[in-house]
Amino acid sequence: MTGINLTIVNVALPSIGRDLHASVSSLQWVVSTYSLVMACLLLLSGSMADRFGRRRMFQLGLVLFALGSALCGLAPNVGWLIFFVGVQAVGGSMLNPVAMSIIVSVFTDRAERARAIGVWGSVIGITIAVGPVLGGVLVSGLGWRSVFWISVVIGIVAVILSLRFVPESRAARARAFDPFGQTLIIVLFASIIAATIEGPRRGWADPWIIGLFVLAALAFVGMLLIEPRRSEPLIDLRFFRSLPFSGANVISMVMTAGLGGFLFLTTLYLQDVRHVTPLRAGLMIIPMAVGQAVAANLSGRLVASRGDRLPLTLGGALLAIGAFLLVPLTAHTEIAYLLAAYAVFGLGVGMISPPVSHTAVSGMPLDQVGVAGALAASARQFGSAIGVAVTGSLVAGTGTGFIDSSHTAWIVLGSCGLLVLVLALASTSGRAKAAAARNGERLAMRLG
């Protein structure tokens, strides 16, 4: 559900814009609201799952996600659509991090857990890849509202399967609720995303935009000052002493920023510049989808047999190459060239997805794996929101037309791949892993 939703909605954006008379910034909010709400609530949802039961929270998330999806399909205007996407995201925040906790509680053997996480990451990668194609078919055949209704069907099936197969589990010692940390993380993420999306429309010197950036800075400083003094903070800053954990969080954020920006730019380019139908646009993204699915499956196997370093570094390189190939894009670029670039980009994303979650929990105490996984998932969702916000702002903020302004956006996305490559090398070294193990032992002793 969450994997498909990340990509299927992008194909529907031009149709949503025409039907609901939505501006580019409104379309950015349609995509970014989902990722923003997810990023803000993932930690809270992971903590609540540890306390009240992981299966119970997982099923509640499925119901809320399906309800929000149904309401999105009935939205009368873009304002209500954005609101209902937020409802959908509240449910989504209870799925991925809780799923990670369930996997860890079921697979206690280290090697089995690595394989299970690899399979889990592969499934997410494959469903993300299916989204554009499925979206093109649904929008062309049934209209844009159908891309939301599909999640209602999946949600019903998932609830039934979870009742049958998912065991209930809780953390041995659940963390207390941290209202200060939760408020600060919402203010931080929301301020950054709002300022980035609205900056081009209002002007970067507008008092509201400056105020939002100042508010984000104050929230960040507040987290550094308040959270270490909390007995049970929402974000335990000691986690970030582990280089694999810190590196994986940044890699998650950068990779999904690249993917979110790629899908946003590509959808608008194919349908608004080249004037292809939603179905054809979805079909043209198939090379990216296939590359992502193939690479995700291969990467999951590499994680189990070779560790995280090879798939992460290879993924970063492919991500950069795919984005840089699209820098010289024109309104008449050869279709074969586009398809090749999309395939390379998809290979990069698919390679990165499975190992990044495994790297994040490397060396963590067993009872803190859910929190660590939620932090990585939160970084991933924030990255998706910031990727759409930044690339959309670069396109909307210039008067030279979509094609010319998109060149800078593709350079930014290519730089994301290079950053992933550097961080992968640093966070998967032998010294980094040893330091993570020592940090995990200290955390276990302090939390014991």
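Predicted model: local features only at pLDDT ≥ 70, side-chain atom pairs only at ≥ 80, totals over all residues.
Which residues does G131 touch, not counting residues up to four places away in sequence?

View 1. Residues are numbered from 1 along each chain as its sequence is written, and side-chain values use heavy atoms, with hydrogens and water left out. Helices (H or I, at least four residues) and strands (E, at least two) are DSSP runs, numbered from the N terminus. Of the 448 residues in the protein, 58% are buried; here buried means under 20% relative accessible area, exposed means over 50%, and partly exposed lies in between (1.4 Å probe, protein chains only). The protein exposes about 17300 Å², with carbon and sulfur atoms supplying 70% of it. Accessible areas come from the Shrake-Rupley method with a 1.4 Å probe, and for residues only the protein chains shown count as cover. Take the contacts between residues at least 6 apart in sequence: 84% of them join residues at least 24 apart. A contact means heavy atoms within 4.5 Å.

**View 2. G131 of helix α6 (residues 110-142) touches I4, T7 and I8.** G131 is buried, with a relative accessible area of 0%. From G131 to I4 the C-alpha distance is 4.7 Å, although the two are 127 residues apart in sequence.

**View 3. G118, also placed in helix α6, is in contact with G300 and P354.** Neighbours within four places in sequence are left aside here. G118 is buried, at a relative accessible area of 1%. The C-alpha atoms of G118 and L302 are separated by 8.6 Å, and the two residues are 184 residues apart along the chain.

**View 4. The largest pocket holds about 820 Å³ of space.** Of the 27 residues lining this pocket, F58, A99, I103, W120 and V123 are the closest to its centre. At least two lining residues come from each of α1 (2-20), α3 (54-72), α5 (96-106), α6 and α7 (146-165). On a 1 Å grid over the protein atoms alone, a pocket is an open set of points with protein on both sides within 12 Å along at least five of seven lines, and lining residues have an atom within 4 Å of a point. Grid points are joined across faces, edges and corners, and the volume is the space filled by probe spheres set on the points.

**View 5. D272 and R18 meet through their side chains in a salt bridge (3.9 Å, N to O).** D272 lies in helix α10 (residues 243-273) and R18 in helix α1, so the pair ties together parts that are 254 residues apart in sequence. A salt bridge is a side-chain nitrogen of Lys or Arg within 4 Å of a carboxyl oxygen of Asp or Glu, and by this rule the count comes to one. D272 counts as partly exposed, at 38% relative accessibility.

**View 6. T256 in helix α10 is in contact with A379, R380, G383 and S384.** That list leaves aside neighbours within four places in sequence. T256 is buried, with a relative accessible area of 8%. Look too for V390, which is placed in helix α15 (residues 369-396). V390 is partly exposed, at a relative accessible area of 29%. The C-alpha atoms of V390 and A257 are separated by 8.8 Å, and the residues are 133 residues apart along the chain.

**View 7. F180, F220, V221, L224, L225 and I226 form a nonpolar patch on the surface.** Together they have about 550 Å² of accessible area. Helix α9 (residues 207-226) gives the most to this patch, with five residues. F220 lies in helix α9 and is partly exposed, with a relative accessible area of 45%. Patches are made of residues with over 30% relative accessible area and no salt bridge; nonpolar side chains (Val, Leu, Ile, Met, Phe, Trp, Tyr) are joined within 5 Å, and like charges within 9 Å.

Definitions and conventions: 1 Å grid on protein atoms, 1.4 Å probe; cavity = no way out; pocket = protein on both sides within 12 Å on 5 of 7 lines; lining within 4 Å.
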